[in-house]
Amino acid sequence: MLDQAKVFETLETHGVTYFAGVPDSYLNGFCNYALANCGDRNVITANEGNAIALAVGHYLATKEISLVYMQNSGEGNAVNPIVSLADKDVYAIPMILLIGWRGQGNSEPNHPQHWRQGEITTSLLELLRIPYSILTDNYEEFVRVVEKAAEFCKTTCGIYAFVAPKGVMADLNKSNDKDTVYPMSREEAIEVILSHMPKDTIFSATTGRATRELFFLREKRGETKAHDFLNVGSMGHASSVALGIALSTDRPVVALDGDSACMMHMGAMTMVSKVKAPNFLHVVLNNGAHESVGGQPSAGHLVDFTAIAEACGYATVGKPVTTEEELINAVNKLSTCGKASFIDCRIHKGLNRKLPPIIFDHRKAIGALIDDLNH
């Protein structure tokens, strides 16, 4: 990994001292250094398009070039404001992108959700006419790349991208910062919900640790996995998949969402105001962190999800739940309340290091779910 203190020194030399983006495990060294050292000049955003727009606003107010960081999966969220707002033929806003290159070559053999994105990462930049450099862990080369990018941004008012393969901007030993703010872990909360919903309930689990924990809880409990949709990619869309299922079946459907994932596409919550889905329960497992990619803070513990959900048309218990007893009571009450319902389940940070990575046949798993829903 590049020495992150030197990375930030080099960027500062060229006037790049404002950062915005969505944390990525391939960039956790960069993200954690920015978090520890940049104060309010580092903004962790709801999604990548949000970060692009924030960088546009910062440039308008200061004429300073921002750096926007993201996993390559976030390129899709960023495309619209890049081409219709920051593009040189629109408002010509210069900025630097730092993109973690998941799925490069054979770097993710067990995770097909990254394969296509890895394959098209640089092609998409070329299609967007964004010049880029693939970073290495050679510091002298990094200095040259930053100088080239800064000069390009200043002289053309364009966008330049740094593409970071595995290990260049990340410590391979992911942090595991546990806290004791709330008594339940994510795994414990998921098991409570499994135990207090009907056996035929369909579960849609958000990308990251929730999918892994649901997968292995099913094995531990000797239960079928045919009831589960593992949203291993497409962060922020697990609840929409769940709602789509709920609108097309009479079986109970639970979305096991995350706080960061829910906020990434929070507009999806408004859908329940327009449809009837009394069999849909949306649970946000809220630890206030982007835990799967390094533990950087989210706004999860700062916003009132319950009030937002009520305003969107969900039934709630009026407040977050924080204990096993409160969660059981909320599940029992809301699962039979006659309308789409929502629980903000506050949990503590902390990863279960005993869980191995999920390795499964994605097409076989989805086939089993489809058969289960259509038998």
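The buried residues of helix α5 (buried meaning under 20% relative accessible area, with over 50% counted as exposed and partly exposed in between, for a 1.4 Å probe and protein chains only) are Q117, G118, T121, T122, L124 and L125. The model is predicted, so that local features need pLDDT of at least 70 and side-chain atom pairs count only at pLDDT 80 or more, whereas totals for chains, interfaces and linings use all residues. Residues are numbered from 1 along each chain as its sequence is written, and side-chain values use heavy atoms, with hydrogens and water left out. The cover over the buried residues of α5 includes α4 (75–86), β4 (95–100), β5 (132–134) and β6 (159–164), where contact means heavy atoms within 4.5 Å; helices (H or I, at least four residues) and strands (E, at least two) are DSSP runs numbered from the N terminus.

Helix α5 bends by about 45° at T121, the bend being the angle between axes fitted to the seven residues ending at a residue and the seven starting there. After α5 comes R129, whose phi is positive, near 60°.

Six strands form an open sheet with parallel pairing, in the order β2-β1-β3-β4-β6-β5, two strands being paired if DSSP finds at least two bridges between them. Because β2 (42–44) and β5 stand at the edges with a single partner strand each, one side of each is left without a neighbour in the sheet. Strand β1 (residues 18–21) pairs with β2 in the parallel sense over three bridges, and the bridge partner of G21 in β2 is I44.
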